[in-house]
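I opened a new structure today and kept notes as I went. Here is what I looked up, in the order I looked it up.

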Amino acid sequence: MLTSADIKELNAIKSSNPLISLYLNTDQELQNKEKILTSAKDLLKKVADTLPTNLQQKVLDYLDQELNQEIKGLAFFIDPAGEPWRQYQFRVPVRQGVYQEANLHLTQLEELLDEYERYCTVVLDKEKAQIFTVFLSEIEDITDIFNEFPGQHAQGGWSQKRFQGHIEDHVQRHLKEIATKTYGLFKQDSFDRLIIAGSKEILPDFKKALHPDLQSRLAGDFATELFQPTEHFLQESLKVAEKVEREKEAELVKELGDNLGVGNKAVSGVRDTLQAVNDKKVMKLVLADGFTQSGYNCPSCGLLGLEADECGCQDELEEVADLIDEMMQAAIAQGARVEFVKGSKELEDLGNVGAFLRY
Ligand SMILES: [Zn+2]
């Protein structure tokens, strides 16, 4: 799982040669393997002067062998003169690009740390607890680290007064201790949101035992038992995260609407968004999930259009069945991020597509 310590370590890598940083969006919901390989080849061409053919081939071989539906983003960090060769797989897409600089280009990794919420998932029963970090659609068991935090030890007194529920005192003390440790973890590691899980019987009491700062960061809960496999906790946590994601999408659509017509910061609707893609001005493309539209593509200059006569080239434009897909490919190729929004009436009103512009 990516941490800021990784970025620090990568940042410290020095070489007398320019270093290559390559990021690929390998989300197979957005593009098939063939298209991913083609755009990888296009990016590698840009650094062909520095990156020997055998190392270019090593990247392509890696893609050929390793790509699967789970891997949505890849980063390669290469010293053309030899070591190091490092590569990272992500379960979320990264912004595509290739860089040849004195230091490694780490902006995309920093964006991942910035943009995604880090969740702490606490799974507990009456006696035990297991703690996880869920980030970038990956899960890590941090129960051992968690256990190092000081907790509230049984001293009677106020905790008994405060919880006069149906659950026994020793369970209440256990919940209080886990709540205190979770708060300690939050103070040290500052996760963004909390998910709690366990039997329906104890979750309400655990919620009450949480520090107010954590109660306000509670993203949701799910009923489960400790013996379940980690993958199950991941999937359930991702369902909660999905709900948070919907809220963020609603904010994004609102931001899009607010920025329309203000100093060329954003556009909406197929026609204006196409124009921005053709002008290579798109920073972030916003698409209503499942929206399609047919259109045209110029074989000479690559221009995308709604009508057959939109390009200045002599050639006849080719009809494309899925113009939105073409638009997305073009946006990814120019380093834009793509955000899908599900079931938003507001985005539908804005014309189903929109874009935040670079300038
Ligand atoms: Zn043309």
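**Confidence first.** I began with pLDDT, the predictor's confidence in each residue, from 0 to 100. The chain has a mean pLDDT of 90, and 95% of its residues reach 70 or more. This is a predicted model, so I noted the ground rules: local features need pLDDT of at least 70, side-chain atom pairs count only at pLDDT 80 or more, and totals for chains, interfaces and linings use all residues. Residues are numbered from 1 along each chain, as its sequence is written.

**Overall layout.** I found 13 helices and 16 strands in the chain. Both are DSSP runs numbered from the N terminus: helices are H or I with at least four residues, strands are E with at least two. The C-alpha trace spans about 85 × 55 × 35 Å along its principal axes. I also checked contacts between residues at least 6 apart in sequence, and 71% of them join residues at least 24 apart.

**Domains.** The assignment gives domain 1 (4-115), domain 2 (119-247) and domain 3 (260-357); such bounds come from an automatic or database domain assignment. I looked up domains 1 and 3, and their centres, taken over C-alpha atoms, are 26 Å apart. Eight residues from domain 1 and seven residues from domain 3 make the contact. On the domain 1 side I get one nonpolar, five polar and two charged residues. For the classes, Ala, Val, Leu, Ile, Met, Phe, Trp, Tyr, Cys and Pro are nonpolar, Asp, Glu, Lys and Arg are charged, and the others, Gly among them, are polar.

**A helix pair.** How do helix 11 (residues 270-278) and helix 12 (residues 323-333) cross, and at what angle? Their axes come within 10 Å and cross at roughly 35 degrees. Axes here are lines fitted to C-alpha atoms, for helices over the stretch in contact, with angles from 0 to 180 degrees between N-to-C directions. Thr273, Leu274 and Val277 of helix 11 meet Met327, Ala330 and Ala331 of helix 12. That contact has five nonpolar residues, one polar and no charged.

I needed the cut-offs: buried means 20 or more other C-beta atoms within 10 Å of a residue's own, exposed means 12 or fewer, and partly exposed is in between, with C-beta atoms placed from the backbone. By that count, 31% of the 359 residues are buried. Helix 12 has buried residues including Met327, Ala330 and Ala331. Ile131, in strand 6 (residues 129-135), counts as buried because it has 22 C-beta neighbours inside 10 Å. Beyond four places in sequence, Ile131 is in contact with Cys120, Val122, Ile142, Thr143 and Phe146. I also checked Lys181 in helix 7 (residues 169-189): Lys181 is buried, with 20 other C-beta atoms within 10 Å.

Most residues other than glycine have a negative phi, so I looked for exceptions. Lys280 has phi near 55 degrees and is partly exposed, with 13 other C-beta atoms within 10 Å. Asn352 has phi near 70 degrees, but Asn352 is buried, with 22 such atoms within 10 Å.

Definitions and conventions:
Contact = placed C-beta atoms within 7 Å.
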